[in-house]
Amino acid sequence: MSSLQKPPAGTSTVKWRFPAVHPEGQKFTAIALGITLLATIVTKVLFWPLLGVTLWVAAFFRDPVRTTPIGDDLVVSPADGLITMIERVPVPRELVGDLGAEPMVRVSVFMSVFDVHINRTPIAGTIRQVVYISGKFLNADLDKASEENERQHFVVDGHNGRRIGFTQIAGLVARRIVGFVKVGDIVAVGQRVGLIRFGSRVDVFLPEGCVPQVALGQRAIAGETVLGRFGGDPVRGIAQ
């Protein structure tokens, strides 16, 4: 990350700034811009609609700076989006070896095409497992998407001895899961670990003793929202 993207050390104020476009999205933005310019040569009528598409592509791959809360008892959200499911479910078979066979609380964060799609690690530690599985492209908001869609599992061994698993799930429009880390990498909490192109979901599996700190229908911010807390009290929400 460029030092220009970070607030000065020790500052007491922070100014808003335009998010950078992640390198993974720069080529797509350039392609969209090229098509816009070529189409303008044929007819100027297409310029504004295609320029709007170009700006949307750039916005989709935006990579804002996030301020991550630090604490050994915290699990932060790996994704921007809507909390659509909080339920105890069987552990995915690919993760049973690392997380155990007992059911765990799964918190699902659904990302629309308007959300930031950079995903971040919910805890600091060492990447223990990365498993990619090809599959379908059902609506990521469906429960069965966690078993049938294209997905990528991560398991992180926390520095405090705790272990967290989470899964990137491709959606109806998404067609590519991109990972930035590999097994053995040491990651800081909130560090970027991958992205999913164009609409998707991320599931986080909370181990015993970690209580969800979000409510259904709440919006989460990757790297900032506290998703779970070890030894915490359950959180309730009200839609209004």
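**Terms and values**

Tutor: Let us start with a pairing: strand 3 and strand 16 (residues 226–230) run antiparallel and are joined by 3 bridges. This is a predicted model, in which local features need pLDDT of at least 70 and side-chain atom pairs count only at pLDDT 80 or more, while totals for chains, interfaces and linings use all residues. Residues are numbered from 1 along each chain as its sequence is written, and side-chain values use heavy atoms, with hydrogens and water left out.

Student: What makes strand 3 and strand 16 a pair?

Tutor: Two strands pair if DSSP finds at least two bridges between them, and 3 bridges join strand 3 to strand 16. Strands themselves are DSSP runs of E with at least two residues, and helices are runs of H or I with at least four, both numbered from the N terminus. Within this pair, Val76 stands opposite Val226 in strand 16.

Student: Why do strand 3 and strand 14 stand at the edges?

Tutor: The open sheet has 3 strands in the order 3-16-14, with antiparallel pairing. Strand 3 (74–76) and strand 14 (210–212) each have a single partner strand, so one side of each is left without a neighbour in the sheet.

Student: Why is Val181 called buried?

Tutor: Buried means under 20% relative accessible area, exposed over 50%, and partly exposed in between, with a 1.4 Å probe and protein chains only. Val181 has a relative accessible area of 14%, and is therefore buried. Val181 lies in the loop between strand 10 (177–179) and strand 11 (186–187). Leaving aside neighbours within four places in sequence, its contacts (heavy atoms within 4.5 Å) include Ile127, Phe154 and Arg192.

Student: Why are helix 1 and helix 2 called roughly antiparallel?

Tutor: Angles run from 0 to 180 degrees between N-to-C directions, with axes fitted as lines to C-alpha atoms, for helices over the stretch in contact. Angles under 35 degrees count as roughly parallel, over 145 as roughly antiparallel, 65 to 115 as roughly perpendicular and the rest as oblique. Helix 1 and helix 2 pack at about 175°, with their axes 9 Å apart, and are therefore roughly antiparallel to each other.
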